[in-house]
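Biologist: Could you take a close look at one part of this model, the aromatic cluster, and describe how its rings are arranged and what lies over them?

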Amino acid sequence: VQLQASGGGLVQAGDSLRLSCAASGRTFSSYAMGWFRQAPGKDREFVASVSWTGGSTSHADSVKGRFTISRDNAKNTVYLQMNSLKPDNTAVYYCAAGAIRTEVVNMYNYWGQGTQVTVSS
């Protein structure tokens, strides 16, 4: 499966963004999906994950209540709605596909190219 992330941009603190990740291939609905982010000089970290049905989700503690992951299997797309953005949310955001829903970076087999999110104070 090939993944294409989009929706990033430059926003102010408190603003919202919705990231999208479009997948090619007919097997999208069989994959768990995740969003990760990587800030300059830091390791890639887990943000959120969703099961292949969309029925189970998980969010990092740092984004709970502000970010929401969802998916639309009919559109082969996974989303990350980000509200109340903060400057420390600035990073490149990546979507990923894997066999199971997990927070572990290395368990995802397919990665998108990343989309830059910059939050100014």
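**The aromatic cluster**

Modeller: Phe 36, Phe 46, Tyr 94, Tyr 108 and Trp 111 are linked into a cluster by ring pairs, where rings of Phe, Tyr and Trp (its six-membered ring) pair if their centres lie within 6.5 Å, with planes under 30 degrees apart counted as stacked, over 60 as edge-to-face and the rest as tilted. This is a predicted model, in which local features need pLDDT of at least 70 and side-chain atom pairs count only at pLDDT 80 or more, while totals for chains, interfaces and linings use all residues. Residues are numbered from 1 along each chain as its sequence is written, and side-chain values use heavy atoms, with hydrogens and water left out.

Across the whole structure, a search finds six aromatic pairs. In one of them the ring centres of Phe 36 and Tyr 108 are 5.2 Å apart with the planes at 75°, so this pair is edge-to-face; Phe 36 belongs to strand S4 and Tyr 108 to strand S10 (residues 108-111), 72 residues apart, strands being DSSP runs (E, at least two residues) numbered from the N terminus. Phe 36 also pairs with Trp 111, in a tilted arrangement with 5.2 Å from centre to centre and 55° between the planes.

Phe 36 is buried at 0% relative accessibility, whereas Trp 111 is partly exposed at 26% (buried means under 20% relative accessible area, exposed over 50%, partly exposed in between, with a 1.4 Å probe and protein chains only).

As for what lies over the rings, the charged end of Arg 44 sits over Tyr 94, 3.7 Å from the ring centre, and Arg 44 also lies over the face of Trp 111, at 4.8 Å from the ring centre; the criterion is NZ of Lys or CZ of Arg within 6 Å of the ring centre and within 35 degrees of the ring normal.

Note on methods. Helices (H or I, at least four residues) and strands (E, at least two) are DSSP runs, numbered from the N terminus.
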